[in-house]
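Hello,

Here is the structure I promised to hand over. My notes on it follow below.

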Amino acid sequence: MSDAEPRVPLAHRVPDLGALELLLAIARHGSLGRAARELGISQPAASGRLRSMERQLGVALVDRSPRGSRLTDAGALVTDWARRVVEAAEAFDAGTQALRGRRDSRLRVAASLTIAEYLLPSWLVALRAQRPDTAVSLLAGNSAAVARWLFAGEADLGFVEGLSVPEGLDGAVIGHDRLVVVAAPGHPWTRRRAPLPAAELAGASLILRERGSGTRQVLDSALSRWGGLGEPLLELASTTAVKAAVVSGAGPAVLSELAVVEELAARRLREVRVEGVSLGRALRAVWPRGQTPAGPARELLGLTGSRL
């Protein structure tokens with residue numbers, strides 16, 4: 001597609017969730033009729049929805065016969081993709097419900113951005129299955145902001161990525177993460193045959209998160225023997241903004257491995273190996289000192305794999 005041609009919106013190219021849910025139901029039941037009953041629609045409506053999806057995608061998805069409905073080879077592949085889209089939509093729905101939760105039975109969660117974006121949605125889906133009547137409100141910011149919200153009584157449970165449990169809070173390790181150096185293809189660092197020395201990383205101008213970010217705290221501490229971080233090339237307030245700047249070729253950055261999995265797989269970013277420094281870090285749940293999490297906060301903590 002040339003630059004002059006308008007890009008067809010994704011919504012015009014990808015079937016809607018209703019069509020994807022129908023395909024998954026057909027795969028489960030082996031019958032269009034039973035799939036329609038599960039979804040509460042008529043069989044003619046289900047047939048029309050299926051035909052429309054096949055026209056949109058340009059492939060046959062289902063073979064229908066008197067014995068039932070069987071996925072074609074293409075249909076089986078599309079079903080696998082559809083399952084991931086629907087699971088992502090469920091996580092999206094859980095996250096947006098958390099942002100607008102206002103009922104009396106509630107849990108107030110504060111999370112640093114990496115955890116809020118890449119780990120918390122699946123925990124919220126599982127919590128909603130256990131406690132469908134509990135409304136979860138979510139505050140997302142950097143690790144320093146999470147501590148402030150807990151101190152101010154604006155959150156019951158927090159998740160941070162910093163060096164340690166902030167003063168005045170109690171906490172538990174819920175997992176581990178690794179920071180990786182990334183750059184756009186073609187950056188001089190991506191053409192190195194030998195790993196990048198830690199001293200060179202410390203002296204470089206990087207695209208960084210703002211002060212108070214757990215990622216920045218951990219990186220600055222890891223490079224402290226070489227004088228810590230150099231003068232930032234850019235300071236940005238979100239992981240998404242940092243990734244976009246790196247992809248555009250503005251410069252290198254150090255980000256959570258969780259945040260760059262897709263970009264590395266698609267080769268929009270390249271990982272730069274570093275020697276002489278450890279960039280691992282712990283992920284923690286935190287709460288006000290002396291206030292052991294109870295009720296939905298304790299259940300959410302349990303879903304992370306942590307045990308008090």
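A two-residue hairpin links β1 to β2. Bear in mind that this is a predicted model. Strand β1 covers residues 62-65 and strand β2 covers residues 68-71. The two run antiparallel, joined by four bridges. In that pairing, S65 sits opposite G68 of β2.

Next, a helix pair. Helix α5 (residues 73-99) packs against helix α7 (residues 120-130). Their axes lie 8 Å apart, at an angle of about 80°. An angle of 65 to 115 degrees counts as roughly perpendicular, so that is how α5 stands to α7. On the α5 side, the contact is made by E90, A91, D93, A94, G95, Q97 and A98. On the α7 side, P121, L124, V125 and R128 take part. By class, the residues of this contact comprise six nonpolar, two polar and three charged.

Last, the cavities. How many of 30 Å³ or more does the structure hold? There is one. The largest cavity contains about 40 Å³ of space. Its lining consists of L208, R209, T215, R216, L219 and V254. Two elements give two or more residues each to that lining: β8 (207-209) and α10 (214-222). Helix α10 provides the largest share, with three residues. Sorted by class, the lining of the largest cavity has three nonpolar residues, one polar and two charged.

Best wishes

Notes: Residues numbered from 1 in each chain as written. Predicted model: local features only at pLDDT ≥ 70, side-chain atom pairs only at ≥ 80, totals over all residues. Heavy atoms only, no water. Pairing = 2+ DSSP bridges. Axes fitted to C-alpha atoms, helices over the stretch in contact; angles between N-to-C directions. Parallel < 35°, antiparallel > 145°, perpendicular 65-115°, else oblique. Contact = heavy atoms within 4.5 Å. Nonpolar A, V, L, I, M, F, W, Y, C, P; charged D, E, K, R; others polar. 1 Å grid on protein atoms, 1.4 Å probe; cavity = no way out; pocket = protein on both sides within 12 Å on 5 of 7 lines; lining within 4 Å. Points joined across faces, edges and corners; volume = space filled by probe spheres on them.
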